[in-house]
Amino acid sequence: MKSTVRSRPPRPRAAAPLSRALLLAFLGSAAVLAMPPAQAQAADEVAVRQFDIAGSDLDTALGRFGRQSGTQIAVNAEVTAGLSSPGVRGTFTVAEGLRRLLAGTGLEAVRDASGEYTLRKAPPAAGSTPKTLSAVQVTANQLGEISEHTGSYTPGAIATATRLVLTPRETPQSISVVTRQEMDDFNLTTIDKVMAHTPGVSIITYDSERTEFHVRGFGVQNFQYDGIPMERDSSYSAGNTLSDMAIYDRVEVLKGATGLLTGSGEPGATINLIRKKPTRDFQGHATLGAGSWNNYRGELDFSGALNEAGSLRGRVVVAQQDKHSHLDGYQRRTSVFYGVLEADLTPGTLLTVGVDYQDNDPKGSTWGGIPIYDSNGNFNKRSRSFNSGTRWSSWAQYTRTAFATLEHYFDNDWVAKLQLNHQINGYDAPLGSAGGGNPDPADGSGTSLWLGQYKGKTRANAADFYASGPFELLGRKHELVLGGSISERTWTNKSDGPNVGYPTSIADYYGWNGRIPEPDWNDPAAWHGENRETTRENGLYTTARWNLRDNLKLITGARLSNYKRESMRESGVLVPYLGAVYDINDTYSVYGSYTSIFKPQSARDESGSTLDPQEGNNYELGVKGAFFGGRLNASAAVFRLEQDNYAEETGNLTPDGGTAYRAINGVRTKGYELEMSGQLNEFWSLHAGFTHKVARQQGEKVSTLTPENQFSLFTTYKPGGRNGRLTLGGGARWQDKTWGDVYNPAVGTVKHTVDDYWLVDAMANWRFSDKLSASLNISNLFDKKYYTIFNWYSTYTWGEPRSVNLSVKYTF
């Protein structure tokens with residue numbers, strides 16, 4: 001069989017009684033009644049594709065069809081053996097393309113509401129004998145194609161940019177995706193680890209519980225969960241950058257401005273985390289792992305049908321991690337739960353409901369890092385195990401989410417989707433850290449404690465509705481999306497200072513061990529504060545993909561947004577989207593795009609008027625290639641980001657005595673990106689990228705805490721191919737020097753530069769059988785000693801030393 005067609009034994013359509021009982025118990029659904037089975041075919045996939053497949057044997061034709069349509073097709077070679085296809089040429093939906101491809105084979109493809117295609121014998125003529133064939137399944141939905149079980153480092157179709165389900169080559173914007181396979185191979189159990197694998201993303205460390213991701217010179221505050229936006233406040237971090245990956249199928253990073261679907265925010269990027277979905281066939285796994293510094297982790301994942309018809313499906317994921325650290329006295333416990341149900345209410349109607357939660361409970365948390373300089377102005381070198389936090393210091397963070405989706409497929413190839421999301425992100429942070437001042441190298445005096453307690457949460461409710469489908473104009477078929485969204489986020493926070501008389505100075509910084517008593521945060525004489533802030537956003541959006549020629553597509557879009565937060569109000573803000581993709585040939589496409597985003601601000605000018613919102617605009621030109629039939633995707637892009645209406649102090653006052661500002665040009669970023677992901681052949685997978693960016697404001701370089709140049713390469717090799725037992729892999733990350741203006745007690749403000757550095761990782765996996773495997777992962781293989789700085793605090797943080805993790809996975 002050709003390697004482009006994936007073969008596996010057929011599996012049962014419904015879960016066995018025992019597995020079904022387990023799933024029901026986990027989901028608390030023992031009394032759930034069986035849903036009616038599907039009786040007819042759901043509407044076919046909406047997206048239109050261009051096909052150019054010559055007549056050939058059916059295996060080859062199906063492989064080419066899967067690659068050109070961006071779908072993953074699992075084929076039993078015995079089913080298609082000896083059959084030929086006439087091929088298909090032209091622009092069709094996936095369903096129509098399949099019908100034409102299968103003409104004369106005696107087979108047909110049908111699709112149910114869960115998004116699965118089944119290849120089966122066409123209805124027999126009178127008097128003939130029916131014959132049942134094994135299934136060919138194409139797993140996709142309106143969020144794009146599921147990466148689980150594809151074995152691929154590159155995505156199929158994605159929908160993060162425009163709500164249109166498009167392949168990477170069809171999307172006129174840079175997007176990086178870390179798939180389930182890459183996460184499994186390299187033990188990427190946290191969002192921080194995933195971002196370290198993502199080209200073009202750099203990480204700034206605040207302290208042990210807070211990191212911030214930067215793309216194209218801007219911090220990433222816009223997160224999405226299954227496409228629903230959630231804004232993060234990095235100063236009051238509440239779980240976004242501690243997300244555990246056990247419940248997610250893939251992570252998509254859409255680069256540049258993303259206002260079409262997210263509304264307000266920064267123009268650097270949006271991170272979209274796509275949850276795992278239930279499966280019709282029973283599947284599951286159990287994983288146990290142990291690593292350096294007493295790092296222990298367990299994970300269970302069950303999925304399958306909950307009734308005989310397969311019209312009700314469920315999935316449960318639980319994970320528990322107890323992680324100690326190279327930092328003295330630090331540890332964190334993480335608990336994760338995820339449960340989701342899918343029900344075929346009618347042949348064309350799919351209901352999804354689910355919940356997830358995560359608790360992160362640390363002890364010995366740092367708050368800020370280590371002061372960069374001592375009192376003499378020399379580098380304050382501390383060991384990598386030095387922990388500036390007190391033993392009771394803790395920045396606990398948690399998330400609670402409930403979500404529901406209702407989607408219906410119409411007979412005219414249109415689909416309507418309603419998505420509801422309720423999310424709580426909270427924190428409970430009594431904090432103490434030896435971060436203030438600069439130590440005297442003679443006696444250790446001169447430093448003080450940072451102290452404070454913060455308790456808060458953000459309650460967010462969001463709804464999104466859209467309809468999408470094809471329409472005809474001037475003899476060609478085009479695609480249209482019409483939608484709207486509404487959200488409300490309420491942040492509450494309570495702040496407390498230490499009790500009156502609590503000592504804040506540190507007698508001997510060099511003898512610091514964090515063992516001091518916790519303050520009385522309830523002392524009425526200490527300082528206390530409260531915050532409450534509600535943000536409301538709503539908007540209408542539309543996207544159209546115009547099929548101008550078979551090899552030329554134009555995408556136009558716009559969002560009309562309204563925003564309200566306390567004194568900040570914006571109505572009728574128009575956010576445009578424009579993109580074009582021209583196919584040079586079957587492999588290469590060139591594209592150009594313009595996107596934007598806005599961010600309201602409360603600053604006022606000398607007349608007392610509020611400044612217009614900051615505007616972020618992204619201009620991008622590039623070329624994309626899909627090689628080996630889509631198994632390998634590559635892209636090269638040049639970009640320019642512009643931020644306007646940045647608030648600058650004028651030196652004067654507003655009419656009521658406040659600080660007056662004027663609007664100026666903000667950050668201007670120019671750069672280019674190169675990225676490649678997927679399979680070079682059936683033995684070799686990789687994900688690599690190089691990014692160059694320079695950000696300036698008023699002619700001066702800014703965002704210098706993130707590198708101007710960075711490179712990453714992660715790869716695996718299977719000597720025995722797909723069925724081999726051994727997988728070997730490794731990766732390397734390099735980043736250019738970084739710098740920032742920090743305080744030096746000897747001379748004042750200085751520029752502190754951090755040298756460039758390489759980090760190397762390694763992995764190996766051995767399959768003892770089809771069900772049992774073991775993995776060894778080594779991070780920072782050569783134990784590189786490096787650090788990053790945070791100029792707001794004039795502190796630095798050591799990177800993690802070499803660590804080793806061994807895990808065993810049993811697949812059901």
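**Entry 1: the overall count.** I began with the secondary structure and found seven helices and 47 strands in the protein. I am working from a predicted model, so I keep that in mind throughout. Of the 812 residues, 59% count as buried. I then looked at the contacts between residues at least 6 apart in sequence, and 67% of them join residues at least 24 apart. The protein exposes about 31900 Å², with carbon and sulfur atoms supplying 54% of that area.

**Entry 2: the cores.** Which residues have the most contacts inside the largest nonpolar core? I found Ile191, Val194, Met195, Ile271 and Leu273, in a core of 33 residues. The elements that each give two or more residues to this core include helix H6 (191-196), strand S15 (248-255), strand S16 (269-275), strand S19 (312-324) and strand S20 (331-346). S11 and strand S13 (222-225) are also among them. Another core, of 24 residues, lies apart from it, and I noted Trp392, Trp512, Ile789 and Trp798 among its members.

I went back to Val194 for its partners. Leaving aside neighbours within four places in sequence, Val194 is in contact with Val178, Met183, Leu188, Met245 and Val251. A reminder to myself: in soluble globular proteins, nonpolar side chains tend to be buried together.

**Entry 3: a three-stranded sheet.** S11 turned up again here. It sits in an open sheet with the order S10-S11-S12, and the pairing is antiparallel. Strand S10 (202-207) and strand S12 (218-219) are the edge strands; each has a single partner strand, so one side of each has no neighbour in the sheet. I checked how S11 (residues 210-215) meets S12, and the two pair over two bridges. His214 has Gly219 in S12 as its bridge partner.

Entry 4: How many bridges join strand S25 (residues 447-473) and strand S26 (residues 476-496)? I read off 21, in the antiparallel sense. Lys455 has Lys494 in S26 as its bridge partner. S26 also pairs with strand S28 (residues 528-549), again antiparallel, over 18 bridges. There, Thr492 is bridged to Arg532 of S28.

**Entry 5: positive phi.** Most residues other than glycine have a negative phi, and I wanted to see some exceptions. The hairpin of S25 and S26 has two residues between the strands, and Leu474 takes a positive phi near 55° in that hairpin. Asp226, in the loop between S13 and strand S14 (228-231), has a phi near 55°. Is Asp226 buried or exposed? I count Asp226 as buried because its relative accessibility is 2%.

At 14% relative accessibility, Asp413 falls under the 20% cut-off and so counts as buried.

**Entry 6: a nonpolar patch.** Last, I turned to the surface. Leu345, Leu406, Leu418, Leu420 and Phe465 form a nonpolar patch there, with about 390 Å² of accessible area together. I followed up on Leu406, which lies in strand S23 (residues 396-409). Leu406 counts as partly exposed because its relative accessibility is 37%.

Notes. Residues numbered from 1 in each chain as written. Predicted model: local features only at pLDDT ≥ 70, side-chain atom pairs only at ≥ 80, totals over all residues. Heavy atoms only, no water. Patch = residues over 30% accessible without salt bridge, like charges linked within 9 Å, V, L, I, M, F, W, Y side chains within 5 Å. Areas by Shrake-Rupley, 256 points an atom, 1.4 Å probe, with all protein chains shown as cover. Salt bridge = Lys/Arg side-chain N within 4 Å of Asp/Glu carboxyl O. Helix = DSSP H or I, 4+ residues; strand = E, 2+ residues; numbered from the N terminus. Buried < 20%, exposed > 50% of the residue type's maximum accessible area, 1.4 Å probe, protein only. Pairing = 2+ DSSP bridges. Core = buried A, V, L, I, M, F, W, Y, C linked by side-chain atoms within 4.5 Å. Contact = heavy atoms within 4.5 Å.
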